[in-house]
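Dear colleague,

Please find below the structure that I am handing over to you, with its sequence. My notes on what was found in it follow directly after.

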Amino acid sequence: MKTTAISVNHLRKYGENMKIETYENDEAVSKRAAELVEAIITNHQQPVLGLATGSTPLGLYQRLIEKYQANQLSFENVITYNLDEYLGLAKTHPESYHAYMDKNLFSHVNINPKNIHMPDNDANRKQEIVDDYNQALAKHPIDLQILGIGENAHIGFNEPGTPFDQKTFIVELDEQTRQSNARFFDSIDEVPSEAITMGIKQIMAAKQIVLIATGDNKAEAIKKTIKGPVTEDVPASILKTHPNCIILLDKAAAKYV
Ligand code: GLP
């Protein structure tokens, strides 16, 4: 398998600073993402990771589990913060992000449950759950934030139009986002219409950001993010102003860049 990058580009104009690495396929992208996460875990006494859900980081999590099982990586001191969660879905619902994280990472590694932070999703306590997550996030600066990207260039659940200085908030999901995520549910009617998400301000506060995008359906969002202006209409475009952001793409997602 080819794991070296097909191309590496730097955006360095008008204060932009973004590294774009393109790989042959999803597997190579996941391997590279895992190397970046491992470096953080190995080089920090108390590594703090920001984690994403969705189909994109599944290969990354699988590799991290394999490393742990091979005694090459320990999560003993790792602290995690997840980006987002649907509102009003039981945490035990298989499509809740709580269940996703448990199934795809946490239950397979030696992470201390006390070190796991996920936003609560009680629709009857909106203000409290927002305040609680903002407080939790203020405790530990994030060393490395993993991001996927929505087809409309959302990051976390920060939909187009979200102010760049937004902290944790309750969001009404875009119709396009609900359509995209309907594939995980029996029908679109079951996709929650609201979510809680870490805000762009908190994402941007991470010391390093790694955004992963694979597949044709992300090509347009990646083009707008990389080639277009920095605008709240394209949430991921703000990442160009981050001092240490790497974008990992497969060939399909990189087709317009
Ligand atoms: C979801 C999540 C995002 C994720 C994105 C892409 O709506 N809230 O955090 O990055 O959509 O998901 P996928 O990786 O399944 O394409």
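**Pockets, ligand and one histidine**

Helix H4 gives the most to the lining of the second largest pocket, contributing three residues. Please bear in mind throughout that this is a predicted model.

The second largest pocket has a volume of about 160 Å³. Two elements give two or more residues to its lining, namely helix H4 (126-139) and helix H6 (200-204). The residues that line this pocket are Asn134, Leu137, Ala138, His140, Pro141, Ile142, Lys167, Lys201, Gln202, Ala205 and Ala206.

The largest pocket has a volume of about 650 Å³. It is lined by 34 residues, of which Thr53, Gly54, Ser55, Arg183 and Phe184 are the closest to its centre. Strand E5 (84-86), helix H3 (97-104) and helix H5 (175-181) each supply at least two residues of that lining. Helix H3 gives the most to the lining of the largest pocket, with five residues. The lining of the largest pocket comprises 12 nonpolar, 16 polar and six charged residues.

I turn next to the ligand. It is surrounded by 13 residues, and the closest of them are Ser55, Thr56, Asp84, Arg183 and Lys218.

- Lys218 places a polar side-chain atom 2.6 Å from an oxygen atom of the ligand.
- His154 has a polar side-chain atom 3.2 Å from an oxygen atom of the ligand.
- Ile149 takes part through its backbone, with an N or O atom 3.5 Å from an oxygen atom of the ligand.

Lastly, one residue deserves a separate note. His242 is located in the loop between helix H7 (219-227) and strand E11 (245-250). Is His242 buried or exposed? His242 counts as buried because its relative accessibility is 1%, and buried means under 20%. A polar atom of the His242 side chain lies 2.9 Å from the backbone nitrogen of Asn244. Apart from neighbours within four places in sequence, His242 is in contact with Asn17, Met204, Ala206, Lys207, Gln208 and Ile209. One of these, Ala206, also lines the second largest pocket.

With kind regards

Notes: Residues numbered from 1 in each chain as written. Predicted model: local features only at pLDDT ≥ 70, side-chain atom pairs only at ≥ 80, totals over all residues. Heavy atoms only, no water. 1 Å grid on protein atoms, 1.4 Å probe; cavity = no way out; pocket = protein on both sides within 12 Å on 5 of 7 lines; lining within 4 Å. Points joined across faces, edges and corners; volume = space filled by probe spheres on them. Helix = DSSP H or I, 4+ residues; strand = E, 2+ residues; numbered from the N terminus. Nonpolar A, V, L, I, M, F, W, Y, C, P; charged D, E, K, R; others polar. Buried < 20%, exposed > 50% of the residue type's maximum accessible area, 1.4 Å probe, protein only. Polar contact = N/O pair within 3.5 Å; in protein donor to acceptor, adjacent residues only side chain to side chain. Contact = heavy atoms within 4.5 Å. Near = heavy atom within 4 Å.
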